[in-house]
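Please open the model in your viewer and keep the selection tool at hand.

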Amino acid sequence: MGAGIRIHTSTATSARTFVHSLINQSLVPYLERSAAHWNETVAAPRRGITGRLFTASRKYFGVGGGSGSNSRANTPSPIFGGTSSITPPSVTYTHTAQEALLRRLADFALVLRDYKLALSVYQTAARAYSSDKAYRHLAAAQEMIAVCHALLGQWSEVDTAHEQALSTYLTKIRSPLGAARATITLATLCAPDQPSLAASIYLRMASIDVDASAPRVALFLEQAAQLYVDIGYLRKCLIHLVLAGNKYAKSSLRLHAIRCYQVAQQLLPPKWDTMFDHVHLALGRQYYHLGDYGQSVQEMLKLVHPNQSMVLEELVYLYSQYPMAGPGKELEWHALEEGVPKVEIKAVDPICVHEKATLVLHITNSLLIPLSVCSPNLVFSTVAAPISSSATTSPTSSPASPAAPDALPPVIDVEVPTTSHSIECEPTVTIQAFLTLHGLRPGSATMTHLTYRMFDMIPIRIPLVKPVTIHVIPPRARLSVQWELPSVVFASQVMRVPTLLTNTGFIDSGPIGIRVVDPPPPTASIGTHESVIITVDKSTPLPSSLAPGESAQVTLWTHWHASNAQVEWTYGQGAPGAKAHAHVDVHPIAVTMVPLVNAAHATWAPLSGSSRD
């Protein structure tokens, strides 16, 4: 229950009346009488020529009355807030000394809101303190002079007075805490009407403080940033917020540093990349020192882009420390999914079950440092069941529909060659990497992401520039044709060509056939377009079928009526003469043809010097 909640209304009214009477009838009249008396007896004589001569004689000759040796004495005084082992001498005034009465007069005038009188008396007292080398009293008087200027609205004088007070506090009596008090008091008075002046007051104290790593320096920088943001100086606000966070960090005040950096992060414009990087780097380091490794890594991940790549070293170190945050935790590095590096895969031809195909990856390193890609692998998002052939599928059966990757067994296995276990990609360079795909069962799969380990430590998952779908077809026969064709032939020449046929597939080849498909004739050709004629020697006919791995030697006869043609080898299910075959392999041939000399139209020139018989 709050204090005074049960006080009767009449009691509260009586207390309020008593306090009002005490202030207006006793306290204020006492202050006014005392101020008038001291102004006539102490302050007024010092304003005339007599008072100035008195002050000068005491300064240069050490003589004078009033405030002589009985009213002041040189006594050692401890340094307030200093760090030096040497204590400067300090002057102490008794309560009846004129200098002490001047200070009381100025304080009473300030309380009575007679700011002009207070300012005049403070200036008079300051001159007296300066003559006596009473620097502690001088610093306090200069502080109050700056306060009076602020209360009078004399903003042009506030800055000079504050600078003088700080100089005395820090150089004469080495009291940074006294200077900090003067700064906070004066800046608070200036902030409502002159926020930019208040900010400069804070910054002056932060710049000349003897202990640059003290938390009060960070406090002054933070307060200046707050004033700048209130008047719309965003650039100055951000700079001093970052400086304040740095000072807090040096003082091991991590939470205060994080607060400054987070405020700066919220105020950052979108195009300030350098400031953005610095803020997130500082946040990552502060979270690391606090033991929050997960948050530290998240801040570091925002720095991985082409303009800021050197942070990867710290990122790798943070990742090495991350498991300490808790057992069994794994981190998803989704922030790297937008281009570290960029990976593109061209369209891939279908592959057969039990066969292997080479996949080419085009990797572009957009960073400014070399990138090590270790153990690359592909991620398939969708897996489709195989579509049954027309011979085994009924007309009412529905086509296969895509399924989740876990619903069906995988159709493709990715093998990483040992030579490319670690792929080194130089800065801003595009290289090619090769993976081997192994068909496991008929179906199709869509590649969407590439996974790898950056620097053989950080697991990365990045999307492909464009998803690629790979189809795996059932096992098939493959016909390997080995023949040696000449490079130069004569027109209409007939040539014997030994040929070795091998089934490199996984099922029987079935009947094998051969046919020549002529290329289209040139547009400007005149006359009949001739072609190459290929026949099979009867002694070595084409095999009716080849088992997997089986070979057969056949002899072909070629009649060269043209220099180029396309030879189609047909094999699979069906007869060689059928219109459609399961598989057709096209082998283009091209030779240089030498025309024959027509003897009927040849002319012979006589030899020089011969005679006809």
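Rings of Phe, Tyr and Trp (its six-membered ring) count as a pair if their centres lie within 6.5 Å, and planes under 30 degrees apart are called stacked, over 60 edge-to-face and the rest tilted. By that criterion, a search of the whole structure finds six aromatic pairs. Select Y202 and F220, which form a stacked pair at 5.9 Å centre to centre with 25° between the planes. This pair links distant parts of the chain, with Y202 in helix 8 (residues 195-208) and F220 in helix 9 (residues 215-230), 18 residues apart. Helices here are DSSP runs of H or I with at least four residues, numbered from the N terminus.

The model is predicted, so local features need pLDDT of at least 70 and side-chain atom pairs count only at pLDDT 80 or more, while totals for chains, interfaces and linings use all residues. Residues are numbered from 1 along each chain as its sequence is written, and side-chain values use heavy atoms, with hydrogens and water left out.

Colour next by burial, where buried means under 20% relative accessible area, exposed over 50% and partly exposed in between (1.4 Å probe, protein chains only). Y202 is buried at 7%, and F220 is buried at 1%.

Now select Y30, W38 and F108, which form one aromatic cluster.

Finally, display helix 12 (residues 273-289), whose 17 residues reach 25 Å from first C-alpha to last, close to the 24 Å expected at 1.5 Å a residue, the expected span being 1.5 Å times one less than the number of residues. Its buried residues include M275, D277 and Y287. Just after helix 12, G291 takes a positive phi of about 90°.

Key: Helix = DSSP H or I, 4+ residues; strand = E, 2+ residues; numbered from the N terminus.
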